[in-house]
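Here are my notes on this one, point by point. Have the model open while you read.

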Amino acid sequence: MDNIQNSMQKKAAELERMAEVLVTGEQLRLRLHECKVIKDRRHHLRTYPNCFVAKELIDWLIEHKEASDRDTAMKIMQRLLDQSIIHHVCDEHKEFKDLKLFYRFRKDDGTFPLDNEAKVFMRGQRIYEKLMSMENGLLQTRAEEGGTFERTLVASEFVDWLLQEGETATREEAEQLGRRLLEHGIIQHVTNKHHFADGALLYQFRMNFRRRRRLMEVLSERPRCIPESHDSPFCLRKQNSDGGNTSFLSVSPTKEIRVVSAGRRSSMSSSCGSSGYYSSSPTLSSSPPVLCNPKSVLKRLVNPEELQSPGGPYIKKTFTIVGDAVGWGFVVRGSKPCHIQAVDPGGPAAAAGMKVCQFVVSVNGLNVLSLDYRTVSNLILTGPRTIVMEVMEEMN
């Protein structure tokens, strides 16, 4: 029995590792399109659409601090080639070479191999995105076996939802899908004691598909659990990179600095809509999450009209923040308008001049005064590493 369980755990780890590499590769593909590194190119009177030059990409990885040197960059891209995420445009080279050779992401030319494992992963990603973008109350904080768990799904309600969304035709098919998602490391029981079953048990997503991943992760042999904030997938950064307790700073309206300690930071936003920071194990242990500093840092609510009123007590500031390998170093909360809830003193946002209690006006030229923090968070997370933010700050 133990051998069977160990074999299943090993298989789940391998599938989770594959999924992490696929997500990392997809995030890189989107960034390269945005930076025009991927484009149509001509060689010997022939046009090769949506490709990149290997040598130029190595330069780009080093310039954007995704690799420390050319050898590391080569290893990253070779891993993506080995996983059939990229390939030489004529399939003449099975190795990634630091030369003026054309390579392409298979997703850009329709040759990505959709085997059964990839299909389950992509289906899980689609379901995750639908659930995260819908205000349907399906993901909630609930209690089970003496613990309290955030962003949980009741199995029977999840099955109902799959049927309503047309993801499956029968309850049996929906239950089978749930089991496959669990076996692929996409979801798991909150205490990791049960397989998926159509009933009252609670499950959570193990994988945050929106987390911005470091390309170096594709070189690790096992999946890494990157500590993250519950409030926003991109915000606070680790202060102690050596493991153990992680501390991050929150500044109250009175400018008093408090240190909030947590074992690890997990990845999903709080479902209760408060401004609290939650800490829980990314492996979803049975320990209940700890609620810290649940109140907003704002002294009072402010509407967009008041912020933009001529002669008002607010001044506009513009920041250019270049994210590092861990994130941008801040938390946004609230709605219409959002505000800066916390700033990591050692992060890029603090270095740019961002402060707690500033109101977010625009992100990369897009006015966000009428948006909530989840939408603003997603704009930043899915956008370029360098963000330009306009904020309104109350004059002293």
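1. Is E66 buried or exposed? E66 is buried, at 5% relative accessible area. By buried I mean under 20% relative accessible area, by exposed over 50%, and by partly exposed anything in between, with a 1.4 Å probe and protein chains only.

2. Some housekeeping before going on. This is a predicted model, where local features need pLDDT of at least 70 and side-chain atom pairs count only at pLDDT 80 or more, while totals for chains, interfaces and linings use all residues. Residues are numbered from 1 along each chain as its sequence is written, and side-chain values use heavy atoms, with hydrogens and water left out.

3. Back to E66, which has a partner: R31 makes a salt bridge with E66, with the closest N and O atoms 2.6 Å apart. The pair ties together parts that are 35 residues apart in sequence, because R31 lies in helix 1 (residues 2-34) and E66 in the loop between helix 2 (54-63) and helix 3 (70-82). R31 counts as buried too, at 12% relative accessibility. For the terms: a salt bridge is a side-chain nitrogen of Lys or Arg within 4 Å of a carboxyl oxygen of Asp or Glu; helices (H or I, at least four residues) and strands (E, at least two) are DSSP runs, numbered from the N terminus. The count by this rule is 21 salt bridges.

4. Now look at helix 3 itself. D71 and K75 both sit in this helix, four residues apart, about one turn, and their side chains meet in a salt bridge at 3.5 Å, N to O. D71 is partly exposed at 47% relative accessibility, and K75 is partly exposed at 47%.

5. Another link worth a look is E167 to R126, a salt bridge with its closest N and O atoms 2.8 Å apart. This pair links distant parts of the chain, 41 residues apart: E167 is in the loop between helix 6 (155-164) and helix 7 (171-183), and R126 is in helix 5 (residues 116-133). E167 is buried at 9%, whereas R126 is partly exposed at 40%. Both belong to a network of salt bridges that links R123, R126, K130, E165 and E167.

6. Four strands form an open sheet in the order 5-6-8-7, with antiparallel pairing; two strands pair if DSSP finds at least two bridges between them. Strand 5 (140-144) and strand 7 (187-189) are the edges, each pairing on one side only. From one strand to the next, the twist averages 60°. Strand 7 and strand 8 (residues 202-205) run antiparallel and are joined by three bridges, and Q188 stands opposite Q204 in strand 8.

7. What packs on this sheet? Helix 6 does, touching strand 5, strand 6 (147-154) and strand 8, with its direction at about 25° to that of strand 6. Helix 7 also packs there, touching strand 7 and strand 8, at about 95° to the direction of strand 7. Contact here means heavy atoms within 4.5 Å; axes are lines fitted to C-alpha atoms, for helices over the stretch in contact, and angles run from 0 to 180 degrees between N-to-C directions.

8. Last, helix 10 (residues 373-381), where Y373, V376, S377, I380 and L381 are buried. Down the axis of helix 10, the buried residues fall within an arc of 135°, so they line one face; the arc is that of the directions from the helix axis to the C-beta atoms. Their cover includes strand 14 (330-334), strand 15 (338-343), strand 16 (359-363) and strand 18 (386-394).
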